[in-house]
Amino acid sequence: MKQFIGFLRKEFLHIFRDPRTMIIIFGIPVVQLMLFGKVISTDIQNAKIAILDQSHDNITRKITSKLLSSGYFVLGEELLPGEDVESVFRQGKVKMVVTFGPEFEYNLERDGKADVQLLADASDPNTARILTNYASGIISDYVKKEKLQNIQLPDQINVEVRMLYNEGLKSVYMFVPGIMAMILMLISSMMTSISISKEKELGTMEVLLASPLKPIQIVLGKVTPYLLLSFINALTIILLGVFVFGVPIKGSFFLLMGESFLFILMALSLGILISTVAPNQMVAMFISLLGLMLPTILLSGFIFPIQNMPLPLRIVSNILPPRWFIVIIRNIMLKGTGIMYIWKETMVLIFMSFTFIALSIKNFKIRLE
Amino acid sequence: MNEKVIEVHNLVKKFGSFVANDHLNFDVYKGEIFGFLGANGAGKTTAMKILCGLSAPTSGDVKVAGFDIYKETEKVKRNIGYMSQKFSLYEDLTIAENIRFFSGIYGISPKDRKAKQEILLKNLDIESAKDSLVGSLPLGWKQKLAFSVAIFHDPKIVFLDEPTGGVDPITRRKFWDLIYEASDRGITVFVTTHYMDEAEYCNRVSIMSEGRIEALDTTENLKKQYAAKNMDEVFLKIARNTE
């Protein structure tokens, strides 16, 4: 035990003495969360739009002010009838033009029908879709609430939409689980694999193996500090998510921490496995970055929905641990589900951990032969 | 000088069909400086790794420090010191931290450690550098320090795997002063090298070629046997014979 504590002290000295390690462990999680949460957000705020109002009556003015006070839009330009709409787009001044047809109020009162046209700049299709959705939502909402009360309409079906578990469609709800998976992969797998292969590269691993320390003690000694640091990071990310970005934890906090712990164990065993394969730090880093980070970002469902991927990629995504972890955290944090609904994903992670540990032991033995 | 600390009988090590060590037989006596020579790839590092318990032999009987390397690996490891080819201390730790770490591994009590550390620092004349990072020291110092740390727990045998790579002859000579000191204290020194001037410093040397021991004797006898002026010539003659 004393030996082990001495080993841990040494490991922490390595970590605290190396500025790059410190940045990766303590800087990157916070910076990434802030970046994804604040900057690379798919929420749209203050998009510039132009209004072309051919009626200038009460209702069109009210609708316009509704749009502009929603927080999503700001008025970039007011167009006059006959002005060239396309040129505003070409100059890139606005993202969307809202056109009200002539005699809007009159038509609405008499026929219950009036024309609004939304023209969006679809050179950026995502933004265009989101903007038109927002705008049509605001307009129909207004018409329904303010105007239709007094007007009797023939039978019609009212479609009511509610976005469950994320009513505001905030993208940070999506990013927090993803970033957590990514950071834990980064720190647990990459940092352990680098720190073990560093000992190999420097020749100190041989000295350790020639000492009375057992291989299992060496591996545990290398892994334990990263287990602690990863756990602290998981907590930090969750706390930042909750208190800075307002992401709820609807389910059990302990279940969430337990699942995070499981994921960290999985990632650590993966890191050990990488280090048994990689002869030096560079290789370990490349395997971790290219083999883990990129697929985690692209294929785990973190940003791009898995359902939309072609079949081969969907199959690949199944062998990525973060894919399962992200489902687990979203379920616990946003839906508040218990272990009953995520036991399958949990089993997958447990199975992966055992596989990685078994493979590492096998590889480690081959190396010693 | 008659107590055997290493006994090797018919040691064989195969990697697939490649035979790295082909029936090696030799003994090493207490307090002796035993040179283990051979060209690169002759199998000397493989044999040394087996003796240190880093690798398991394919067959043969090997005893190190009186313990069987198959069954008593743990005890073997407690009684040996090892200094690898690459420099084997942590560069991002200070001298004192390195000593603390390695004495922790070998279970040396803090009290003993402090006393021994003082002697070590005084001997190497680096008391003032106690709290400097090892990475900032000149290479010659690092190697002397690495050797001193490798024998810090007073092992019966210390294994040195090409310890003086990349240093000039004068620094090498100074390094060998430390080796003699250790040998005087009764520590057996088992050293691989391909510097022939170093071979001259050994009591006995074995010369390996293609997995076999081609010659094993004191440097004096070898020079007589091969009618050579120095070890360099002995080595070349043996190398030519086996080709």
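These legends describe close-up views of a predicted model.

**View 1. The two domains of chain A.**
In this predicted model, chain A is divided into two parts, with domain 1 made up of residues 2-40 together with 170-368, and domain 2 covering residues 47-147.

**View 2. Helices α1 and α2 of chain A.**
Helix α1 of chain A runs over residues 2-17 and helix α2 of chain A over residues 19-39, and their axes come within 5 Å of each other while crossing at roughly 90°. With such an angle, α1(A) and α2(A) are therefore roughly perpendicular to each other. On the α1(A) side the contact is formed by A:I15, A:F16 and A:R17, which meet A:P19, A:T21, A:M22 and A:I25 in α2(A).

**View 3. Helices α3 and α5 of chain A.**
Here helix α3 (residues 58-69) of chain A packs with helix α5 (residues 104-111) of chain A at an angle of about 105°, and their axes are 6 Å apart. Angles of 65 to 115 degrees count as roughly perpendicular, and α3(A) and α5(A) are therefore described as roughly perpendicular to each other. The residues that meet are A:N58, A:I59, A:T60 and A:I63 from α3(A), and A:F104, A:E105 and A:L108 from α5(A). Of the residues in this contact of α3(A) with α5(A), four are nonpolar, two are polar and one is charged.

The side chains of A:K222 and A:E199 form a salt bridge, in which the distance from N to O is 2.8 Å. This pair links distant parts of the chain, since A:K222 belongs to helix α9 (residues 215-243) of chain A and A:E199 to helix α7 (residues 172-202) of chain A, 23 residues apart. Over all chains, the structure holds 21 salt bridges.

**View 4. The interface of chain A and chain B.**
In this view, 26 residues of chain A are in contact with 29 residues of chain B. Between them the two chains, A and B, bury about 2,400 Å², and 58% of this area is on carbon and sulfur atoms. Two salt bridges are found across the interface of chain A and chain B. The side chains of B:K49 and A:E206 also meet in a salt bridge, with 3.4 Å from N to O.

Methods:
Residues numbered from 1 in each chain as written. Chains lettered and ligands numbered in written order. Predicted model: local features only at pLDDT ≥ 70, side-chain atom pairs only at ≥ 80, totals over all residues. Heavy atoms only, no water. Domains from an automatic or database assignment. Axes fitted to C-alpha atoms, helices over the stretch in contact; angles between N-to-C directions. Helix = DSSP H or I, 4+ residues; strand = E, 2+ residues; numbered from the N terminus. Parallel < 35°, antiparallel > 145°, perpendicular 65-115°, else oblique. Contact = heavy atoms within 4.5 Å. Nonpolar A, V, L, I, M, F, W, Y, C, P; charged D, E, K, R; others polar. Buried area = accessible area lost by both parts, 1.4 Å probe. Salt bridge = Lys/Arg side-chain N within 4 Å of Asp/Glu carboxyl O.
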